[in-house]
Amino acid sequence: MKYLTDEKLVIVGAAGMIGSNMAQTALMMHLTPHICLYDPYAPALEGVAEELRHCGFEGAEITFTSDIKEALTGAGYIVNSGGAARKAGMTREDLLKGNAQIAEQFGKDVKEYCPDVKHVVVIFNPADITGLITLLYSGLKPSQVSTLAALDSTRLRSELAKYFNIPADEIKNARTYGGHGEQMAPFASTTTVSGEALTEIIGTPRFPEEAWQELRTRVIQGGKNVIDLRGRSSFQSPAYLSIEMIAAAMGGQPFRWPAGTYVNNPRFSHIMMAMETTIDRNGVTVKPVAGTPSEEKELDESYSHLCHLRDEVISLGIMPPINEWKNINPYMEEIIPAV
């Protein structure tokens, strides 16, 4: 069986629904035969390992451990879903303090046990902030840490496909930027519907402005809707998309959606947010984002919301003031231009 790489892929939070689905997806996509499952909850973790072994994947060497040092040592790639899950009635921001502390320890563990790791994907909420904290304490370069932001864009594509009753593939370049969550900035100006610009359709009898605003709300509340329908937070979609991200970092197929990435330039400073990106063996590269004046305003508002969350984490003492970040991770002071 030919795999994309022989390097070790660590799934953090592997006993959970997202983590176990990530591990299975990685094996089904033939990313690497060397999958290490980590979770502090040992009994469920062993159960996941047993099930994966029962699948009979050819050439796979599946290991599991509740020892973080053992898990991370020698890791080439990591995907981390190991935060607390979002429950009914909760926002992503409700998870802030506890998951921020988890991200802090995770970043420190990466720095201690696998400083040569090539890429880390962080997906536990609020991912923009947990990814930022991980980057700070890991000491990695900004290009080496990304977060899952694609769900908002895939939800936009899905809602548009349902509204127009067409296959999802006829919706091209559906994009949301900024924060992953209630403060996202959906961009209509990038999107086409069966070859037509979405901005030319909004406000017509085919797609009245009111219908567009209602659709935007459904996209923003996409995660809440899944919780309402299934009684638990999303796990299939974040698992699949995060493995697509790590596959791209391994040199596989290009990632098709925006990713959460560290941004530090005159407009957006010292923040992790969804941007147009490429992910390849060299990591994440930020690309320019341009929209209508109203979209740009929404993006600025989303950035301000993320800054508020970042500053709240600083006030909690989980991260130091920004002017001290260079003492922990000097790479975060570099200006990162869009290319």
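Where does Asn 173 lie? Asn 173 sits in the loop between strand 7 (171-172) and strand 8 (175-178). Its surroundings, and those of other residues, are described below.

## Basis of the model

This is a predicted model: local features need pLDDT of at least 70, side-chain atom pairs count only at pLDDT 80 or more, and totals for chains, interfaces and linings use all residues. Residues are numbered from 1 along each chain as its sequence is written, and side-chain values use heavy atoms, with hydrogens and water left out.

## Overall form

The chain holds 11 helices and 15 strands. Its radius of gyration is 19 Å, close to the 20 Å that the globule rule gives for 339 residues, so the chain is as compact as a globular protein of that length. The radius is taken over C-alpha atoms, and the globule rule is 2.2 Å times the number of residues to the power 0.38. Along its principal axes, the C-alpha trace spans about 60 × 50 × 40 Å. Helices (H or I, at least four residues) and strands (E, at least two) are DSSP runs, numbered from the N terminus.

Of the 339 residues, 54% are buried. Buried means under 20% relative accessible area, exposed over 50%, and partly exposed in between (1.4 Å probe, protein chains only). Among contacts with a separation of 6 or more, 72% are between residues 24 or more positions apart. A contact means heavy atoms within 4.5 Å.

## Surface and charge

The chain exposes about 14300 Å². Carbon and sulfur atoms supply 51% of that area. Accessible areas come from the Shrake-Rupley method with a 1.4 Å probe; for residues, only the protein chains shown count as cover.

There are 30 positive and 41 negative charges, and their mean positions are 1 Å apart. Lys and Arg count as positive and Asp and Glu as negative, while His and the chain ends are not counted. Each charge is placed at NZ of Lys, CZ of Arg, CG of Asp or CD of Glu.

## Salt bridges

How many salt bridges does the count come to? The count is 15. A salt bridge is a side-chain nitrogen of Lys or Arg within 4 Å of a carboxyl oxygen of Asp or Glu. One of them joins Glu 50 and Arg 53, at 3.6 Å from N to O. These residues are three apart in helix 2 (residues 42-54), so about one helical turn separates them. Glu 50 is partly exposed at 33% relative accessibility. Arg 53 is partly exposed too, at 40%.

Another salt bridge pairs Glu 159 with Arg 218, at 3.0 Å from N to O. Glu 159 lies in helix 6 (residues 150-164) and Arg 218 in helix 8 (residues 209-220), so the pair ties together parts that are 59 residues apart in sequence. Glu 159 is buried, at 11% relative accessibility, whereas Arg 218 is partly exposed, at 36%.

Glu 244 and Arg 256 also form a salt bridge, with their closest N and O atoms 3.1 Å apart. Glu 244 belongs to helix 10 (residues 236-249), and Arg 256 to the loop between helix 10 and strand 12 (259-263), so the pair ties together parts that are 12 residues apart in sequence. Glu 244 is buried at 12% relative accessibility. Arg 256 is partly exposed at 44%. Elsewhere, salt bridges that share partners link Glu 159, Lys 162 and Arg 218 into one network.

Asp 109 lies in helix 4 (residues 96-113). Asp 109 is buried, yet has no salt bridge. The nearest side chain of opposite charge is Lys 108, 8.8 Å away. Leaving out residues up to four places away in sequence, Asp 109 touches Ile 68, Leu 72 and Cys 114.

## Backbone points

Most residues other than glycine have a negative phi, and most peptide bonds are trans. Asn 173 has a positive phi, near 60°. Asn 173 is partly exposed, at 36% relative accessibility.

His 270 also has a positive phi, of about 50°, although it is not a glycine. His 270 is in the loop between strand 12 and strand 13 (271-275). At 10% relative accessibility, His 270 is buried.

A cis peptide bond joins Asn 125 and Pro 126, with omega about -10°. Pro 126 falls in the loop between strand 5 (119-122) and helix 5 (127-138).
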